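I am opening these notebook entries to record what I looked up in the model, entry by entry, with the cut-offs beside each term.

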Amino acid sequence: MPMKWTLAAIALAVAGTCAVCASAADYKWPDNIPPEAKALMEPLPLSPTGQSVPGYPDGAPAVSADTLKLSDEDIAKLKAGKFTAGLVMHTMDAGWPHLQVIGITSTLESFGIQVVGTTDAKFNVGQQISDLEQMIARKPDVIFSIPIDPKSESEAYKKAAAAGIKLVFLDNVPVDMVPGKDYVSVVAADNEKNAFFAADELAKALGGKGEVGILTLVYDYYYSVAARKVGAQKAFAQYPDIKVDAIGTFTSPEKAYEVATSMLTANPDMKGIFVAWDTPAQQTVAAAKTLGRDIIVTTNDIAADSAVNVARGEFLAVGAQQPYD
């Protein structure tokens, strides 16, 4: 569900076409949260469209996750069906996928659906294709997955659909897969809006003036991350005196340290960097410390470890989802 925070700021927005989750209004916040913090937990407005897919060249319509309602009869059918599910993840090396897996697994268990396996591709495309093939062989009724490379993995996911396995995607849809035919739905955060929030906070902290950078994944066709780059660019474009010196790209999160180091070395006046998500943002903080540079870092996503970066003031702002929900 959508939410935004900033203490050193966190903002959340979900643009999903289907999910089972509690709304922010249902959650009882502890009494010791300051009113200004509670205000930042209110939902951001939902973006009207998401990823471009067949039939929706301008982006599929985004529907709030709490639109989905299950009747008692629906739940009874699910529990009687003895259904099974598989989870094919891109990586488990971050808080976000762990919370996704826990949320999906606990929700399915409440409907009597057994998770037969969860895979970790370690951000390797070949490994994820292999994981998917092995999961197809186990013949679950449904597979939940976040594709690493929506281009090169499309055929592998189409094999799952052809085998009669229902597919629910997280964040990204493989190219040329038709909604309602090749897959059931995609559940995603409002990635562009989350990034816009975080980058806007960076620009404000600089007083609307200065040189900044963007650090993101090299694959522009990885929709959820590409949308974050777009959101950051739109935020910076609001300020005539903000200059984007460089857009650095990495192939996997652990490579972010060397890319951030190169960006900062090549741009001695760079005062801030928006990083696509928290794990590479931690690498960026480390790179800046090694170089003795005092920069502002903002990002997307938050977990137990990166919340420490917020508490230390190393992340000024985070546009974050509620992955468990």
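Entry 1: I began with strand β6 (residues 166–170), where four of the five residues are buried, so the strand is largely enclosed by the rest of the structure. By buried I mean under 20% relative accessible area, with exposed meaning over 50% and partly exposed in between (1.4 Å probe, protein chains only). Helices (H or I, at least four residues) and strands (E, at least two) are DSSP runs, numbered from the N terminus. I note that this is a predicted model, in which local features need pLDDT of at least 70 and side-chain atom pairs count only at pLDDT 80 or more, while totals for chains, interfaces and linings use all residues. Residues are numbered from 1 along each chain as its sequence is written, and side-chain values use heavy atoms, with hydrogens and water left out.

I then looked up the pairing, where two strands count as paired if DSSP finds at least two bridges between them. Strand β5 (residues 142–145) pairs with β6 in the parallel sense over four bridges, and isoleucine 143 has leucine 167 in β6 as its bridge partner. β6 also pairs in the parallel sense with strand β7 (residues 185–187), over three bridges, and here the bridge partner of leucine 170 is valine 187 in β7. I recorded that β5, helix α5 (residues 154–162) and β6 make a right-handed β-α-β unit; right-handed means that, with the strands pointing away from the viewer, the path from the first strand over the helix to the second runs clockwise.

**Entry 2: β8 and β9.** I found nine bridges joining β8 to strand β9 (residues 241–250), and the two run parallel. Leucine 217 stands opposite phenylalanine 250 in β9. With α7, these strands β8 and β9 make a right-handed β-α-β unit.

**Entry 3: aromatic pairs.** I counted rings of Phe, Tyr and Trp (its six-membered ring) as paired if their centres lie within 6.5 Å, with planes under 30 degrees apart taken as stacked, over 60 as edge-to-face and the rest as tilted. By this rule the count comes to six aromatic pairs. Phenylalanine 123 and tyrosine 222 form a stacked pair, 6.5 Å centre to centre with 20° between the planes. Phenylalanine 123 lies in the loop between β4 (114–120) and α4 (125–137), and tyrosine 222 in the loop between β8 (209–217) and α7 (223–237), so the pair ties together parts that are 99 residues apart in sequence. Both phenylalanine 123 and tyrosine 222 are buried, and ring pairs link Phe123, Tyr222, Phe250 and Trp277 into a cluster.

**Entry 4: salt bridges.** I took a salt bridge to be a side-chain nitrogen of Lys or Arg within 4 Å of a carboxyl oxygen of Asp or Glu, and the structure holds 12 of them. One joins aspartate 190 to lysine 193, with the closest N and O atoms 4.0 Å apart. Which of these partners is buried? Aspartate 190 counts as buried, because its relative accessibility is 4%, whereas lysine 193 is partly exposed, with a relative accessible area of 23%.

Another salt bridge is formed by the side chains of lysine 204 and glutamate 201 (3.9 Å, N to O). Lysine 204 and glutamate 201 both lie in helix α6 (residues 191–205), three residues apart, about one turn of the helix. Glutamate 201 counts as buried at 19% relative accessibility. Salt bridges that share partners join Asp200, Glu201 and Lys204 into one network.

**Entry 5: nonpolar cores.** I used the term nonpolar core for a set of buried Ala, Val, Leu, Ile, Met, Phe, Trp, Tyr and Cys residues joined through side-chain atoms within 4.5 Å. The largest core has 46 residues, of which Phe144, Leu215 and Ile273 touch the most other members. Helix α8 (residues 256–266) supplies the largest share of this core, five residues. Apart from it lies another core, of 17 residues, among them Val53, Val88, Leu167 and Tyr183.

For contacts I required heavy atoms within 4.5 Å. Leaving aside neighbours within four places in sequence, phenylalanine 144 is in contact with Ala85, Gly86, Leu87, Val88, Ile104, Leu108 and Val168.

**Entry 6: asparagine 309.** I located asparagine 309 in helix α10 (residues 304–311). Asparagine 309 is buried, with a relative accessible area of 8%, and touches Gln282, Glu314 and Phe315, not counting residues up to four places away in sequence.
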